[in-house]
Amino acid sequence: MKVLIVFDTKHGNTQQCGEIIAEGINSVEGNETEVVNVKDFDLSEDKTYDLILIGSPNHVGTYTKSIKKFIKNLSSASVKASSFAAFDTYIKGDFEKAVKKMEKQIGENFPNSTMALPGLSIKVGGMKGPIVEEDLSKCKEYGIQLAKKE
Ligand SMILES: Cc1cc2nc3c(=O)[nH]c(=O)nc-3n(C[C@H](O)[C@H](O)[C@H](O)COP(=O)(O)O)c2cc1C
């Protein structure tokens, strides 16, 4: 399957998470992934993906404005996808807070698409990271599970 992973990041941890998920997806034969910073992604291109995965750091209890805008603009863009999944990075007690909100917007903006898997929420040790040890393996496993869904 063809997968796009779009992320926002301030300190690189959400990017790293996206790259490890991509490794997991690519470890299953027959898959290709593109991992792109949201600020570099060109929505005007005519592209079709089997899956778009969207990642954001938790900023003040929610996902970032750039990702919010990306999801909104994607719904009227020529880039197409049949399924979605989302992930966030957070510190301390905000497990799944941002990713649940992203999933809600994805559901509203793409009512005919499916969520490939429930969202992934990855803990970082502080504002600048790093991703906590046990969550690193969750990223890879999530990628493998996504690849096996197809
Ligand atoms: C402006 C700002 C606000 C933040 N607010 C929260 C928050 O409310 N809850 C939380 O768990 N983490 C919060 N964080 C921590 C980020 O989630 C953490 O820095 C991020 O996951 C690191 O990812 P990144 O390296 O991709 O930027 C905040 C970080 C920033 C920069």
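# How do we know? Reading this model

Q: Which residues of helix 1 are buried?
A: In this predicted model, the buried residues of helix 1 are Asn13, Thr14, Gln15, Gln16, Cys17, Gly18, Ile20, Ile21, Ala22, Gly24 and Ile25.

Q: Why is helix 1 called largely enclosed?
A: Count the residues. Helix 1 has 14, and eleven of them are buried.

Q: What covers the buried residues of helix 1?
A: The cover includes strand 1, strand 2, strand 3, strand 4, strand 6 and helix 4.

Q: What does the same test say about helix 4?
A: Helix 4 has 17 residues, so it should span 24 Å at 1.5 Å a residue. Its end C-alpha atoms are 26 Å apart, which agrees.

Q: Which residues of helix 4 are buried, and what do they pack against?
A: Lys138, Cys139, Tyr142, Gly143, Leu146 and Ala147 are buried. The buried residues of this helix pack against helix 1, strand 3, strand 4 and strand 6. In general, an α-helix has 3.6 residues a turn, so residues three or four places apart point the same way.

Q: Why is Leu136 called partly exposed?
A: Leu136 lies in helix 4. Its count is 15 C-beta neighbours inside 10 Å. Exposed needs 12 or fewer, and buried needs 20 or more. The count of 15 falls in between, so Leu136 is partly exposed.

Q: What does Leu136 touch, beyond residues up to four places away in sequence?
A: Leu136 touches Ile20 and Ile131. Lys39 is 97 residues from Leu136 along the chain, and their C-alpha atoms are separated by 25 Å.

Q: What makes Leu53 buried or exposed?
A: Leu53 sits in strand 3. It has 29 other C-beta atoms within 10 Å. The cut-off for buried is 20 or more. Therefore Leu53 is buried.

Q: Which residues does Leu53 touch, not counting those up to four places away?
A: They are Val3, Ile5, Ile21, Ala85 and Phe87. Ala116 is 63 residues from Leu53 along the chain, yet their C-alpha atoms are separated by 9.2 Å.

Q: Which residues have the most contacts inside the largest nonpolar core?
A: Ile21, Leu53 and Ile54 do, in a core of 38 residues. Strands 1, 3, 4 and 6 each supply at least two residues of this core, and so do helices 1, 2, 3 and 4. Beyond its neighbours within four places in sequence, Ile54 is in contact with Val6, Ile67, Ile71, Phe84, Ala86 and Met102. As a rule, nonpolar side chains tend to be buried together in soluble globular proteins.

Q: What makes strand 1 mostly covered?
A: Five of its six residues are buried.

Q: How do you know that strand 1 and strand 2 pair?
A: Pairing needs at least two bridges. Six bridges join strand 1 to strand 2, so they pair. The two strands run parallel.

Q: Which residues are closest to the ligand?
A: His11, Asn13, Thr14, Thr89 and Asp94 are the closest of the 19 residues that surround the ligand. Helix 1 and strand 4 each supply at least two residues of this shell. By class, the shell has six nonpolar, ten polar and three charged residues.

Q: Why is Val60 called exposed?
A: Val60 has 7 other C-beta atoms within 10 Å. Val60 lies in the loop between strand 3 and helix 2.

Q: Why is Lys92 called exposed?
A: Its count is 10 C-beta neighbours inside 10 Å. The limit is 12 or fewer, so Lys92 counts as exposed. Lys92 is found in the loop between strand 4 and helix 3.

Q: What is the phi of Val60 and of Lys92?
A: Val60 has a positive phi of about 50° although it is not a glycine. Lys92 also has a positive phi of about 50°, and is not a glycine either. Most residues other than glycine have a negative phi, and most peptide bonds are trans.

Q: Is the peptide bond from Gly129 to Pro130 cis or trans?
A: The bond is cis, with omega near 0°. Pro130 lies in the loop between strand 6 and helix 4.

Notes
Residues numbered from 1 in each chain as written. Predicted model: local features only at pLDDT ≥ 70, side-chain atom pairs only at ≥ 80, totals over all residues. Core = buried A, V, L, I, M, F, W, Y, C linked by C-beta atoms within 7 Å. Helix = DSSP H or I, 4+ residues; strand = E, 2+ residues; numbered from the N terminus. Contact = placed C-beta atoms within 7 Å. Near = placed C-beta within 6 Å. Nonpolar A, V, L, I, M, F, W, Y, C, P; charged D, E, K, R; others polar. Expected span 1.5 Å × (residues − 1).
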